[in-house]
Amino acid sequence: MQKPFLLIALLWLLQTGITNIAAQKHIHPNAQKNQQIWDVEERKATVHFVNLPLPLGFTSEVVAKQLTASLPNLAKIHTELALTDISTSPLGTHYGFTQTYKGLPIYSTQVKAMVNAANELLLFTENTYDTEVKALQNLFKNTPTPLPAKAVSRFCAANNLQIEGSPTEMLFFYDPQTPIRVWHFKAWNKQAGLGFAEYLLAASGNLVYERSLQNYYGKTSGSKTTTTETVPGKVFMPNPTTSAQVNYGQGGKYRDNKDADATELTAELKDVTLDVTLEDGIYKLENNFVRIAEFDNPVIPPYTSTLPQFNLTRSHDGFEDVNAYYHLNAYQQYLQALGFNLVQTQVQVDTHGKNGDDQSMHIFTGTEHRLVFGSGHSLNKHHVDDAEDADVIIHEYGHAISASACLNCNTGTERTAIDEAIGDYLATSYKRALYTFNWQKMFSWDGHNEFWNGRNVASTKRYPEDNINDIYYRSEIFSSVLMQIWEVMGRENADKLVISALYQFTAGIDMRAAASILLFAEQQLFSGDYAQSIQNLLLQRGLLEYQVNAGPDFSVCLGESVTLGVPNAPDAPPGTKLYWSPGLTLSDSTAANPIAYPDKPTTYTLHVLNLSTNVAFTDNAFVNVAYCFNNTPGNNIRLLNTDRFFKRRGNIIVEVPPLTQQVNLTIYDVYGRIVKQYTNPGDDRLEIEGDDLPPGIYLLRIEADSKKATFKIGRVR
């Protein structure tokens with residue numbers, strides 16, 4: 001950020017007395033030390049789990065009406081929702097809105113609702129404001145005068161900015177009680193290369209707020225007659241140290257060495273095929289989804305070939321072009337195979353950017369994605385080129401996937417940390433499907449060397465105690481638990497879960513809100529098959545609100561009882577409902593420590609339901625039921641469980657003498673009529689079911705070879 005911006009901002013802060021203002025940065029971790037980060041009072045998002053049916057043929061206006069009825073902040077005069085986007089995922093259809101007041105959008109507000117295939121509104125996330133605050137109403141006491149557009153022009157001229165698009169009037173809240181009217185616009189900093197940010201100006205022309213977007217806009221070439229060809233190429237898969245199963249620099253080898261070829265590195269090149277464009281006899285690394293381009297210094301034109309092949313080694317500048325192009329296309333094909341239509345616009349990629357710094361970043365203008373990869377060769381340090389490591393490539397593409405799933409959602413300290421975690425997770429999932437060696441080392445070729453430490457996606461960090469420092473440090477909480485979920489579910493199921501949840505990872509959510517959305521998505525996609533395992537992992541990380549403990553498992557004899565749960569367990573926490581299921585064989589299904597009278601092996605589930613979000617936190621206790629006769633088996637015929645049979649809660653267990661050859665069972669009603677009769681081959685123990693017996697008293701006659709016995713049994717309604 002340039003000094004004039006800071007001076008203007010500081011002067012304005014002194015005049016207004018407001019100090020909580022921030023700019024979010026979206027950069028490669030190596031650039032942290034070069035970035036200016038302000039502090040801001042964040043607007044946290046809230047997740048609401050509901051079950052609201054919508055009529056057939058409903059529209060986005062119907063969804064907005066349902067949301068307005070559900071949120072107190074929207075049920076205010078002059079407050080409405082404006083539709084911003086509609087997208088689809090395996091979960092359903094997602095509707096995005098922004099909050100408005102008297103027709104003016106409120107900056108950074110977002111409501112995102114999910115409707116399933118059965119036309120049920122099941123989930124929405126929001127960070128809306130209460131518009132019935134005195135300061136806001138004072139702004140509109142008289143007919144408001146439009147902000148002077150010249151203020152934007154003067155500001156841009158004074159600070160060497162080139163505006164992108166047209167300024168928009170908005171409302172901006174410094175805090176929930178202090179709004180002002182502002183001009184919102186996006187502009188280039190002409191002296192900062194890719195410096196692209198959004199700005200909010202007060203009517204006076206003073207800077208109110210600035211947030212770096214790291215976006216870039218460039219016109220694509222006009223339409224030409226082209227064909228698509230499939231040609232061979234060579235790439236790292238996913239990088240040379242992982243495929244060789246060595247560490248950086250091992251044996252004095254496996255180093256960058258100023259991009260020089262080396263026998264051990266060349267040996268790790270893998271043969272692949274590439275879908276490229278043939279235009280006027282020139283093969284270009286371009287298709288509908290990816291285009292290698294030149295838009296950032298240093299100027300190194302995209303590699304093209306007159307031959308139908310891209311078999312380069314890493315000493316050639318074009319190798320990074322081929323490597324990035326292959327992995328981005330491979331991941332796009334994988335997304336489509338999973339059922340996602342994300343990042344459908346052509347991504348522009350410059351593999352030699354950032355003036356040679358060891359930085360990479362995703363740039364999003366709102367309509368176009370661009371990826372910039374640094375070479376790490378500035379100041380003669382010769383780091384690994386970022387585009388040689390698929391960890392970096394897929395991580396940055398992960399930001400594009402996230403932005404495509406949820407527009408304008410990557411704001412807020414925890415939300416931006418979550419986005420970094422998503423990029424790390426997707427890259428690690430991609431790499432680990434190829435090789436398991438050092439899978440936990442994120443950026444395992446570009447990092448984990450003398451230049452920087454990379455990141456760890458198998459960390460033991462917990463929430464909230466490790467939710468500190470920068471977004472990259474805290475991101476390891478979330479990326480590490482996602483990789484544990486990956487181990488439980490497998491790659492494709494876990495990726496589908498995480499990417500589906502992205503559609504509802506709206507602006508301002510924290511990690512606990514994101515965890516609850518993951519559980520919701522699992523229920524919708526996998527019907528709870530993985531819920532218990534995922535929940536346990538999230539609990540271990542401190543990412544769920546409630547510690548739910550159903551206590552130990554037990555083994556009892558049929559007819560015995562057992563107390564479930566942890567001894568002297570507390571009742572349900574405030575705002576929750578506690579219950580056990582199944583409740584039929586429990587003394588009180590709503591007690592923290594119910595007495596269980598199981599008739600058969602039973603899994604009892606303890607539920608703690610958050611009444612405001614309808615999210616249930618669960619844990620299981622298994623009770624095994626054995627047939628335990630009170631005396632040593634002898635030559636007599638015995639019955640067990642007749643009392644529960646009488647109450648329609650179990651079967652009668654019959655014990656006959658050992659080595660019995662044949663058993664005849666006959667049931668008579670009170671009139672001596674045969675109700676049921678069957679013959680079994682010899683067995684020590686048998687079961688008698690009574691589901692088809694009407695209520696009443698019966699005689700049971702049993703013949704076990706030469707042994708005979710008669711018992712009185714009964715059934716109630």
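Guide: In strand 18 (residues 369-374), the residue opposite S360 is F373. S360 belongs to strand 17, which spans residues 360-364. The model is predicted: local features need pLDDT of at least 70, side-chain atom pairs count only at pLDDT 80 or more, and totals for chains, interfaces and linings use all residues. Residues are numbered from 1 along each chain as its sequence is written, and side-chain values use heavy atoms, without hydrogens and water.

Strand 17 and strand 18 are joined by five bridges and run antiparallel; two strands count as paired if DSSP finds at least two bridges between them. Strands (E, at least two residues) and helices (H or I, at least four) are DSSP runs, numbered from the N terminus. Together the two strands make a hairpin, with four residues between them. In that turn, G366 has a positive phi of about 105 degrees.

How many of the five residues of strand 17 are buried? Five of the five are, so the strand is largely enclosed by the rest of the structure. Buried means under 20% relative accessible area, exposed over 50%, and partly exposed in between, with a 1.4 Å probe and protein chains only. S360, H362 and F364 point one way from strand 17, whereas M361 and I363 point the other way; all are buried.

Another buried position is A324, with a relative accessible area of 0%. A324 lies in helix 7, which covers residues 318-338. Beyond its neighbours within four places in sequence, A324 is in contact (heavy atoms within 4.5 Å) with V349, T351, A387 and I393. Between A324 and V349 there are 8.2 Å from C-alpha to C-alpha, although the two are 25 residues apart in sequence.

L686 and I688 form the covered face of strand 31, and R685 and E687 the uncovered one. Strand 28 (residues 652-655) is joined to strand 31 by four bridges.

Is Y671 buried or exposed? Y671 is exposed, with a relative accessible area of 66%. Y671 sits in the loop between strand 29 (662-668) and strand 30 (674-681).

These parts belong to a protein of 717 residues, of which 55% are buried. Its secondary structure amounts to 14 helices and 33 strands. Of the contacts between residues at least 6 apart in sequence, 64% join residues at least 24 apart. The protein has an accessible surface of about 30500 Å², and 49% of that surface belongs to carbon and sulfur atoms; such areas come from the Shrake-Rupley method with a 1.4 Å probe, and for residues only the protein chains shown count as cover.
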